[in-house]
Structure formats: structure tokens, C-alpha cells
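Work through the exercises below with the sequence and the structure at hand. Each task is followed by a solution in steps.

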Amino acid sequence: MTRPPVPPPHRPTGVRWTRRPEGSTWGDFGTDDVLGRLNLIGPDQVRKGLAEVHDGITFCLSLPLDRPGGTVLGPNRFPPVVRPTLRSGAVNFNCDMSVAHPGATDVVSDDLVVLHTQYSTQWDAFGHVGAHFDADGDGTTEPVYYNGWRAGTDVTGPTDHRQAGALSLAGLDGLADGTASTSDAGPVDISHMAGHGVQGRAVLIDLEAHYGTARTTIGYEQLAAVMDADRVDVEAGDILLLHTGQARHWAEHDGPPPPDAVDTCAVLDGADLRLHQWIRDSGVAAIAADNHAVEAFPDPTARPGRPVLPLHRLCLFELGVHLGELWWLSDLSQHLREAGRSRCLLTAPPLRLRRATGSPVTPIATV
């Protein structure tokens, strides 16, 4: 006897998913959550960070925004463009204020920036990487982001290529009233991270001290060995910092890094399932590294039907763990190693830039 087809699970109005990725945090912090594991950073975690301040020394953990330089790391991301604004039709740089206010003696300069949000030291928002996933449980995948927020409904962008990329800057209709933007990551944009604030205890794992600057893929076993050797403990709500030395390696060049610069220093093995489980179990609130993508990109084991950024999928899509890239960690790591420490207070809010899928950040570590 032929059985009738089983209908898909009912998805009530307002509920974005009936099925979540196995092992994910979807729904754990609420059906409309936009913060992920940042929810673990509260007053207790801030106090733990403050308890790590002994010397009163601060470290800037960012590269200059025009570094690493060139486009070796990605052909679609460019250094910032800084240009003067106008004042009463005059170039508003070393500008006599008298052009607008006759007789004024002020000299003023004002400028604008065209900025690729993920060119230099950055945070990734959850809207940076989603996945095709059967969130409805009906056997058909759809493009979704962390906590089931939907591409095309919650996360919107242009369908016309002429409205995207640097060339679209020629069309600025709506500039004055704030409607010139053509994409909106909405519930998975970076502004939610900024609004929550990013301050708490950070724990640094010094991979370069153990593996040098040769290209090394770090899975769970290698990471655990370093943590054991350096007596590093990571607890729920901590922000994990991974020092590989790659940013310093690039900074040693006067110009843009050479083409082979990407294939240096340590990177996480994004396909290592034991590493995935450790990240799940550890409860880390966010992860930042001083390399290009935290993980090896593209994943050398990737094949059709699987992600080329498996660690990004795990962290941004499944767990709600923000990723930081291209941080400057060498000075901090040297100080902590000499002091026999691995923890610090970290203050690292992104720009409160609504719509965006990432943001420059100037993190400060205090020890």
C-alpha cells in the first residue's frame, strides 16, 4: 500500500525555523536573539577582565587601517580612500572659513572615507557568513543566517550588480536622507555587537611561540598541546586570542605583502571536528586571530556540498561566535609570555554601523 507523503513540520507565523543545526545555539538565547555568545559577557565577565589588570599597561591590537596593503588577501577589498569634503563649493582642506563666514580667521579641514569594512583589523558579524540549510524541515534548503534569520527577508541586498561594489558609489541618490545604502544585514549586522559592548576577559594562546612562522595547520590536538604547555585555561564567556605572528610578518614589508604571504604561520584546521567540539564545549564568546581568516581558507578538504569556510560556518552560523581577523597581537603576546600570564582585559567594540556585515575595530588590551 502506498503511504501518503508526510507533511513538513508546521512553522507557526513569526517562527523562522522548525529545525536547527545539530549542536547549534539557535534559540538558546531566545527566538529573536541577535547577540549569540556575547550574551555570556555580562558584569561577572567584565569583573574577571578587570581582575587581570595589574600593570596598568595598554596595548593597541589593531593594524593601521590601510594595512596589510594591496589586494593579496582578497581582490575585492581595497585600502581606505580618504578625500576632502566641500565647504561652500571650496575644497574643505586647509580651507579658510571665510568662504562660508566672511571675515572668519579659522582654517579648517574635513574629510570623508570610502572604507571596506573587512580590509584590515576587523570583527565579522553573523551576517558575514550564512549557509544553505533546511530550516523548515521540508527537505529543501534555503539560505539562512545565525538563529534562522532569512536571506532575502531579514537580510536584504540588491539584485542588480550595478547597485553593488565600488562602482556603485557613482550613484548616490538618497545620500542626504540616509537612503543611499543598498544592502542591510538587519538582525545579523555588526551594530548589535557594538550596542552590547565588547569588554571582558581575553585569553591569549601563543601559537607562534610553539610553531614558529612556517605554515602550520592547527587542529584540536595541537591547540590542546599548546594550552597544556603554557598552562592556559579557557572558560565560558572568555574571548579567545590566537597569536600566530602573521600580521607582524606582513608588517615587516615596506609595501604590500608578497603573494606567498598568505601561506605563512599558523591557521586553525576548520574541518577538524574535535576542534569544533572544543569550541562548542568551551563556551568562548568570540575568537580573534592575527592572521587572514582564523582558519585555512579555502579549506583544503572542501568538496561540493560542503563549506569552504567550515569554521566560519560553525562560529558565525551555528554558535553565534563573532570572529576577528588581522589583529595585531605580537606586542601583547610578548608581554604576557615574559610575565608568565595569558589573560588580559579586552575592550574591542566595533563601529556601531547599522546594515554592515563587518567592522573595523581598534581593540585595546589592558594588563
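## Exercise 1: a salt-bridge network

A network of salt bridges links Lys48, Arg201, Glu235, Asp238 and Arg343. The model is a predicted one.

**Solution.** 
1. The N to O distance between the side chains of glutamate 235 and lysine 48 is 3.9 Å. A salt bridge requires such atoms within 4 Å, so the pair counts.
2. Glutamate 235 is partly exposed at 34% relative accessibility, and lysine 48 is partly exposed at 32%.

**Task.** Decide whether aspartate 238 and arginine 201 are buried or exposed.

**Solution.** 
1. Aspartate 238 and arginine 201 form a salt bridge, with their closest N and O atoms 2.9 Å apart.
2. Aspartate 238 lies in the loop between α4 and β13 and arginine 201 in strand β11 (residues 199–206), so this pair joins parts 37 residues apart in sequence.
3. Buried means under 20% relative accessible area. Aspartate 238 has 0%, so it is buried. Arginine 201 has 5%, so it is buried as well.

## Exercise 2: another salt bridge

**Task.** Locate the two residues of the salt bridge between aspartate 230 and arginine 337.

**Solution.** 
1. The side chains of aspartate 230 and arginine 337 meet at 2.8 Å, N to O.
2. Aspartate 230 sits in the loop between α4 and β13, and arginine 337 is in helix α8 (residues 330–339). They are 107 residues apart.
3. Aspartate 230 is partly exposed at 23% relative accessibility; arginine 337 is partly exposed at 40%.
4. In total, the structure holds 16 salt bridges.

## Exercise 3: two helices

**Task.** Describe how α6 and α7 are placed relative to each other.

**Solution.** 
1. Helix α6 covers residues 273–282 and helix α7 residues 310–319. Their axes come within 11 Å and cross at roughly 30 degrees.
2. Angles under 35 degrees count as roughly parallel, so α6 is roughly parallel to α7.
3. The crossing of α6 and α7 is right-handed.

## Exercise 4: backbone exceptions

**Solution.** 
1. Most residues other than glycine have a negative phi, and most peptide bonds are trans.
2. The bond from arginine 67 to proline 68 is cis, with omega near 20 degrees.
3. Valine 294 has a positive phi of about 70 degrees.
4. Leucine 326 has a phi near 60 degrees.

How values were computed: Residues numbered from 1 in each chain as written. Predicted model: local features only at pLDDT ≥ 70, side-chain atom pairs only at ≥ 80, totals over all residues. Heavy atoms only, no water. Axes fitted to C-alpha atoms, helices over the stretch in contact; angles between N-to-C directions. Helix = DSSP H or I, 4+ residues; strand = E, 2+ residues; numbered from the N terminus. Parallel < 35°, antiparallel > 145°, perpendicular 65-115°, else oblique. Left-handed = near helix turned anticlockwise from the far one by under 90°. Buried < 20%, exposed > 50% of the residue type's maximum accessible area, 1.4 Å probe, protein only.
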